[in-house]
Amino acid sequence: MSTGPASGARLRERLEAALARAGGGPLTGPFERLVGYRFAVDERAGLLVELDLEERHTSQYGVAHGGVTLVLLDTVGGVAAALAVGEALQRIATISLSANFIRAVRPGRVVATARIDHLGKSVAHLVMHLHEGGAAGPLLATATGAYRLFRHDG
């Protein structure tokens, strides 16, 4: 979630609050533990979803299975939208995800970032990027996603 330089501290607070509500469990459900990704905040890039990509994440060709790439892009988009809405959000669902695979994703650290293009009452639209090594590393994949926002207030 990249919304400007002043938002880093606020984003970090929202992420920490969400993690606290999860009570030490996975923020996004059991699948988070299966894949092994984690969340962080970068002052410039915003929300990060990081993964130390291992052999268990690869296809028969020794590169990341495309599904792993999609999981990271979708997760960073959905969580960025959820954090932007805050406690008014009851739940969120992906309604559209379109990805472009630019380079092979090889074992090592990969980082997904997101930028909110539109945050409405019921739909959010985001652009996500997957980078090698860190948020400023080589671009591996991009995606756009639309997310349905189910708010407590309707």
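Predicted model: local features only at pLDDT ≥ 70, side-chain atom pairs only at ≥ 80, totals over all residues.
Start with the core. The largest nonpolar core has 38 residues. Tyr 37, Leu 47, Leu 51, Leu 72, Leu 126, Met 128 and Leu 130 touch the most other members. Several elements give two or more residues to this core: the helices α1 (7-21) and α3 (66-85), and the strands β1 (38-42), β2 (46-53), β4 (108-119), β5 (123-132) and β6 (139-151). α3 gives the most, with eleven residues.

Look at α3 next. This helix has 20 residues. From its first C-alpha to its last it reaches 29 Å, close to the 28 Å expected. Of its 20 residues, 15 are buried, so α3 is largely enclosed by the rest of the structure. Gly 86 comes just after the helix and takes a positive phi of about 85°.

Leu 51 shows how parts of the chain come together. Leaving aside its neighbours within four places in sequence, Leu 51 is in contact with residues including Tyr 37, Arg 38, His 57, Val 68, Leu 72 and Val 110.

Now the rings. The structure holds one aromatic pair. The ring centres of Tyr 37 and Phe 39 are 5.8 Å apart and the planes stand at 90°, so the pair is edge-to-face. Tyr 37 is buried, because its relative accessibility of 6% is under 20%. Phe 39 is buried as well, at 14%.

The charged end of Arg 91 sits over the ring of Phe 150, 3.9 Å from its centre. The charged end of Arg 148 also sits over the ring of Phe 150, at 4.3 Å from the centre.

Side chains of opposite charge can pair when their charged atoms come close. Here the count is eight salt bridges. In one of them, Arg 12 meets Glu 43, with the closest N and O atoms 2.6 Å apart. Arg 12 lies in helix α1 and Glu 43 in the loop between β1 and β2, 31 residues apart. Arg 12 is partly exposed at 31%, and Glu 43 is partly exposed at 44%.

Glu 50 pairs with Arg 38 at 3.4 Å. Glu 50 is buried, at 9%, whereas Arg 38 is partly exposed, at 30%. Both belong to a network of salt bridges that also links Asp 52 and Arg 109.

Asp 153 and Lys 121 form a salt bridge at 3.8 Å. Asp 153 lies in the segment after β6 and Lys 121 in the loop between β4 and β5, so the pair ties together parts 32 residues apart in sequence. Both residues are exposed.

Conventions: Residues numbered from 1 in each chain as written. Heavy atoms only, no water. Phe/Tyr/Trp six-rings, centres within 6.5 Å; stacked < 30°, edge-to-face > 60°. Buried < 20%, exposed > 50% of the residue type's maximum accessible area, 1.4 Å probe, protein only. Lys NZ or Arg CZ within 6 Å of the ring centre and 35° of its normal. Core = buried A, V, L, I, M, F, W, Y, C linked by side-chain atoms within 4.5 Å. Helix = DSSP H or I, 4+ residues; strand = E, 2+ residues; numbered from the N terminus. Contact = heavy atoms within 4.5 Å. Expected span 1.5 Å × (residues − 1). Salt bridge = Lys/Arg side-chain N within 4 Å of Asp/Glu carboxyl O.
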